[in-house]
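Have a look at the structure, then try each exercise before you read its solution.

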Amino acid sequence: MDTYLFDGGRITKMEVDYEPACNEKIPLAKELAKKNPDAFHEAIEMMLQLEKQTRLGADMVSCSRVLVAICQICFDAANWNALNEYVTLLVRRRSQLKQAVVKMIQECYTYVDKTPTKEVKLKLIDTLRSVTEGKIYVEIERARLTKILADIKEADGDVAGAASVMEELQVETYGSMDKREKVELILEQMRLCLLKEDYVSTQIIAKKISIKFFDDHTQHDLKLKFYNLMIQLNRDTSFLNTSRHYQAIAEPPRKKAPVVAAAESSDDKKKDKDKEAEPTEPAAPEPEIELTDAQKKELTEKLVCAVLYCVLAPYDNEQSDMMAHLSKNKKLEDVPAYKEILRLFMSKELINFDTFNADFGMVLAENEMFKDSTKHGKKCISELKDRLIEHNIRIIAMYYSRLHLARMSELLNLPASRCEEYLSKLANNDTIRVKIDRPAGIIYFTTKKSPSDILNNWATDVNQLMSLVNKTCHLINKEECVYSVMCAVED
């Protein structure tokens, strides 16, 4: 019976079975090279002849054994130059079987950590990466070798070189690689790009990871690593996104409820069909994994960071919705000070800066975000002051339609010039509608009207105009009638 082998998606017919020859010659060649180091080339030559026979005979299994044996002989003899030479030679031979190349590369990959010196290791990695370039069937091995090379470059201080090497990998297109390993490599690409401060590339790479992957509680360690990298990326550019990332970390991992499949009778199926039409209750939330006290404390700290970054974010509809969502979190009861800060920014009341500083200054000073010694801490302190002033201006605009600039300076405890700066900033952001009469020193606040309100007002004005026109025409006709009657009576 003919034997057919699948090689690289092609059906290849095996002409001759060289298993008996391999069983005889492979141990013989290994023993010859081991006992007599001078016979190394003789043993390799014996294997090369057998390799040619197995390759032309399309015996994939035997060819794989021969290629692996050649690598093992070179490794046992510690002849690293010969190993690099023969790996390059064997991969480029005509009609070389892909599965045999895969086995050889996998064998050589195990030798990378066994190299005697760093130079030998780098040369072996370079050889293996060059022979695997552009070959889909060894893409996983090439990716792992590239990761090792990047680690070496990073250890030598060449972060830019390590990042450029890792960015060559398009691991999201590797169909044969495990999802977890893919995400690990993508996270490594993000980390290296952040180290060399290439934030645009980091943002592009981050989009290659689907957030749904982290729903599995077994991937919680990768979830933490991903969001910590995203926090480093966004904490100086987008406080709202940073708050969103901290909220994702603050959510405890949950176990997926097991789905039990049971056999159903025909009557049960009919009942199920009848129940489908009835409104169903929402599914119960998945149970949380039990956490230690240290883990609970860490999650609470992350939730506090989420609250603070949400407060520091400029006001808009999304930020307002996020504050409302955070205020419903029951875990904020463990940190009443931060819950009160969130309540103040959600309330429709003015916040006095001196009172706020007296009540929460010590609490905020203990947080790493507001350390004066760091650049980020100074920025957070400045942004907090801006958010307090902007909040007060929005509240003033809510209760006043017209206000003297001096009175507003008194309410905000700011000079008039600074008040105008903040008013201009909020007006440019379309947060409030305001006009300033500088000669009179009066500020006019107007509410933002929706397009439907504008149309309704216009329609009302048109109706009033047409009513006046009709009434005017009626009065004119009335006067004409009265005049004609008076003329007739006089005649």
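Predicted model: local features only at pLDDT ≥ 70, side-chain atom pairs only at ≥ 80, totals over all residues.

**Exercise 1.** Work out how helices H18 and H20 are oriented relative to each other.

*Solution.* Two packed helices are described by the angle and the distance between their axes. Start with the distance: the axes of H18 (residues 375-399) and H20 (residues 416-428) come within 11 Å. Next, take the angle, which is roughly 75°. Angles from 65 to 115 degrees count as roughly perpendicular, and H18 and H20 are therefore roughly perpendicular to each other. Now find the residues that touch: H18 brings Asp386, Arg387, Ile389, Glu390 and Ile393, while H20 brings Tyr422, Leu423, Lys425 and Leu426. Sorted by class, this contact has five nonpolar, four charged and no polar residues.

**Exercise 2.** Classify the aromatic pairs Phe226 with Tyr227 and Tyr246 with Tyr309.

*Solution.* The model has ten aromatic pairs. In the pair of Phe226 and Tyr227, the planes are 70° apart and the centres 5.1 Å apart, so with planes over 60 degrees counting as edge-to-face, this pair is edge-to-face. Phe226 and Tyr227 also belong to a cluster of linked rings with Phe213 and Phe214. For Tyr246 and Tyr309, the angle is 15° and the centre distance 5.6 Å, and the pair is stacked. Tyr246 lies in helix H12 and Tyr309 in helix H14, 63 residues apart.

**Exercise 3.** Decide whether Tyr246 and Tyr309 are buried or exposed.

*Solution.* Buried means under 20% relative accessible area. Tyr246 has 11%, so Tyr246 is buried. Tyr309 has 1%, so Tyr309 is buried too.

Terms used:
Residues numbered from 1 in each chain as written. Heavy atoms only, no water. Axes fitted to C-alpha atoms, helices over the stretch in contact; angles between N-to-C directions. Helix = DSSP H or I, 4+ residues; strand = E, 2+ residues; numbered from the N terminus. Parallel < 35°, antiparallel > 145°, perpendicular 65-115°, else oblique. Contact = heavy atoms within 4.5 Å. Nonpolar A, V, L, I, M, F, W, Y, C, P; charged D, E, K, R; others polar. Phe/Tyr/Trp six-rings, centres within 6.5 Å; stacked < 30°, edge-to-face > 60°. Buried < 20%, exposed > 50% of the residue type's maximum accessible area, 1.4 Å probe, protein only.
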